[in-house]
Amino acid sequence: IAGTGPQRGGDVVVATADAVNDMHSVGQVSISTGSATAASTGSISIEAGDSYAEGTGSITVAGGNSAGGEASSISLQGGHSTAGSGGDVLIRSGVTGSISLETISSPTSGSIGLATGSAADVGVSGA
């Protein structure tokens with residue numbers, strides 16, 4: 001916990017330094033739990049706190065923009081299991097909230113695809 005007080009809690013910033021010049025890359029930031037061979041691993045939670053007097057903060061996950069190459073992608077993926085069900089990916093709005101999937105307007109706008117994996121050799125696809 002970064003700080004507490006009657007006015008404002010403390011900020012926490014995790015970031016890499018900027019590249020020194022055009023010949024160097026910027027480092028990466030990884031957040032992960034350790035692996036376990038005979039027990040469960042820990043969880044990772046990213047959330048905005050609750051507010052009882054005003055609005056709450058937002059959580060934004062955004063890929064980086066590029067002027068000289070491919071922009072970064074964002075991937076949300078459930079885990080894979082060889083002994084049970086794979087992990088789910090749930091996208092849920094709050095009460096009276098909305099969910100929007102959209103591509104940005106441009107001369108070469110992307111597409112939106114929705115599909116289940118093939119179950120030809122392993123079982124039943126979709127639910």
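Among contacts (heavy atoms within 4.5 Å) in the chain between residues at least 6 apart in sequence, 0% join residues at least 24 apart. This is a predicted model, in which local features need pLDDT of at least 70 and side-chain atom pairs count only at pLDDT 80 or more, while totals for chains, interfaces and linings use all residues. Residues are numbered from 1 along each chain as its sequence is written, and side-chain values use heavy atoms, with hydrogens and water left out.

**The chain**
- The chain has zero helices and zero strands, where helices (H or I, at least four residues) and strands (E, at least two) are DSSP runs.
- Of its 127 residues, 1% count as buried, a term that stands for under 20% relative accessible area with a 1.4 Å probe, protein chains only.

**The pockets**
- A pocket is an open set of points on a 1 Å grid, where a 1.4 Å probe fits, with protein on both sides within 12 Å along at least five of seven lines, and lining residues have an atom within 4 Å of a point.
- The largest pocket holds about 690 Å³ of space, and among its 18 lining residues Val-61, Gly-63, Ser-72, Ser-73 and Ile-74 lie nearest its centre.

Technical notes
Points joined across faces, edges and corners; volume = space filled by probe spheres on them. Buried < 20%, exposed > 50% of the residue type's maximum accessible area, 1.4 Å probe, protein only.
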